[in-house]
Amino acid sequence: MDYAAILKAVAALGGLGILFGLVLSFADKKFAVPVDERFTLVREAVAGANCGACGYAGCDAYAQAVVKGEADISLCTPGGQATLDALAAIMQKESAVAEVQVARVLCQGETGVVKPRYDYKGPKTCHMAVSLSGGPNLCNWSCVGLGDCVRVCRFDAMRIENGIVVIDENKCTACGMCVLECPRSVLRLLPKAARVTVRCRNEARPKEAREACSKACIACKLCEKACAYDAIHVNNNVARIDPAKCTLCGECVKVCPMKCIEQLP
Amino acid sequence: MEFTLTNFLLFMVNCVLTNNFIFSRYLGCCPFLGVSSKVETAAGMGIAVTFVMGLASLFTYAVYHYILVPLQISYLITISFILVIAALVQFVEMFLKKSMPSLYNALGIYLPLITTNCAVLGVTILNIDNKYNMLWSVLNGVFGALGFLLAIVLMAGVRERLESSNIPKAFKGFPISLVIAGLMSVAFLGFAGLGN
């Protein structure tokens, strides 16, 4: 065997490899672009879901904006309190207490509860369904349950059950993508601590509301009378709770004849 | 081959149209199909490929004629050329990041992809097979890449229009793209014999 030939090949290729390696490592030093070290730290501290809740193109873009001081440090909702504290430490800013929010469904229009207007057989998207003569449900404020919000949720926190969307509070990060997506604004971001919510937005006259849905708010004002803290009021034919005043006593839930106020455990 | 204006023009037509890398050599089809959904990004990819193919032709020529041939190890041509191309792409990326950040941002994600573009390896090996000298090698690289640029931009233009046209469901997406690539290839066959 001709060992010289083998050695020649090894030496030539090895030599080339070492040469390129040296040139590249030299170039790496020579052409190094100084990166703000805070950028790396910030990028690691944010949630990294690339969900867009902050309003930037992705976590990289948000981290860059934070380092430049263009963006507020509290915009990363999926990261929650931990991210806020970390960013405050990195950027040497005051850390505020983040109010934990979750998305809530302001509708109880399950199949059988809300009356159908017609049998919808079109493409399975809410946007399409609601644009067809007021939507498949008799209530113009109801969830149509075709899952546009489920498709935009990056956190697997939503699912459709009995023709209505259900949110897993533990998985929801309040990124707000579903709120933007919902063509009916059925979804709202509300403080997680607000356990009592009026799950109806029907602003129609009480008679029409009652005809459309068996769990609609009929603006009877019994809840207003029952509330000792001035926290619930009927406006535009629908009751609304002020989370700041609500003490979670549950009196309104007891008196509501339509069962449209819900108290979560 | 002597460098005259006639030769130069014939060579250019030959590289860009007749022996187009995609439509008649079928090299570089991956980025051709992968990065051709928008004209803008397709043009970015094309320019990045032009840049790298020109430089790769130059460096592989030097490696082949000054290292591989004198040592009689020209059977290592493939592996050593891949080494050269990979190192070159890395170097170009670093260089651009430092000196031309705007161009780097425009090409950014496409540059590393070029390492695995077989058209680059193809052109360097063709240079050796056709016994081009250094000048013709570089011209072959640059014009070959311009042919690639032409092909990918044309394809992106067609695919942008496909987005809004009514295509049978079974043909949507890649199937219709492949049909179109085939038709374009047949159309480019019309240049056969030109510039040789």
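## Buried residues and a helix pair in a predicted complex

Glu93(B) has its place in helix H4 of chain B, in a model that is predicted. With a relative accessible area of 17%, Glu93(B) falls under the 20% cut-off and therefore counts as buried. If residues up to four places away in sequence are not counted, Glu93(B) touches Tyr104(B), Leu111(B) and Pro112(B).

A second residue of chain B, Ile73(B), lies in the loop between helix H3 (39–68) and helix H4 (77–99) of that chain. Is Ile73(B) buried or exposed? Ile73(B) has a relative accessible area of 1%, which means that this residue is buried. Leaving aside its neighbours within four places in sequence, Ile73(B) is in contact with Lys8(A), Ala9(A) and Ala12(A) of chain A, and also with Leu68(B).

The two residues can be set side by side.

| Residue | Location | Relative accessible area |
|---|---|---|
| Glu93(B) | helix H4 of chain B | 17% |
| Ile73(B) | loop between H3 and H4 of chain B | 1% |

In chain A, the account turns to a pair of helices. Two packed helices are described by the angle between their axes and the distance between the axes. For helix H2 (residues 37–45) and helix H3 (residues 59–68) of chain A, the angle is about 130° and the axes lie 9 Å apart. H2(A) and H3(A) are therefore oblique to each other, and H2(A) passes H3(A) in a right-handed crossing. On the side of H2(A), the residues that meet the partner helix are Arg38(A), Phe39(A), Val42(A) and Arg43(A), while H3(A) contributes Cys59(A), Asp60(A), Ala63(A), Gln64(A), Val66(A) and Val67(A). The residues of this contact divide into 6 nonpolar, 1 polar and 3 charged.

Which residues of H3(A) are buried? They are Cys59(A), Tyr62(A), Ala63(A), Ala65(A), Val66(A) and Val67(A), and what covers them includes H2 and helix H4 (80–91) of chain A. H3(A) is followed by Gly69(A), whose phi is positive, near 85°.

Some values concern the confidence of the prediction. The predictor gives the complex an ipTM of 0.74 and a pTM of 0.56. For chain B the mean pLDDT is 87, and 97% of its residues reach 70 or more. Among the elements of chain B, helix H8 (residues 134–163) has the highest mean pLDDT, 92, whereas helix H5 (residues 101–107) has the lowest, 71. Where pLDDT is low, the predicted coordinates should not be read in detail.

Notes:
Residues numbered from 1 in each chain as written. Chains lettered and ligands numbered in written order. Predicted model: local features only at pLDDT ≥ 70, side-chain atom pairs only at ≥ 80, totals over all residues. Heavy atoms only, no water. Helix = DSSP H or I, 4+ residues; strand = E, 2+ residues; numbered from the N terminus. Buried < 20%, exposed > 50% of the residue type's maximum accessible area, 1.4 Å probe, protein only. Contact = heavy atoms within 4.5 Å. Axes fitted to C-alpha atoms, helices over the stretch in contact; angles between N-to-C directions. Parallel < 35°, antiparallel > 145°, perpendicular 65-115°, else oblique. Left-handed = near helix turned anticlockwise from the far one by under 90°. Nonpolar A, V, L, I, M, F, W, Y, C, P; charged D, E, K, R; others polar. pLDDT = per-residue confidence, 0-100.
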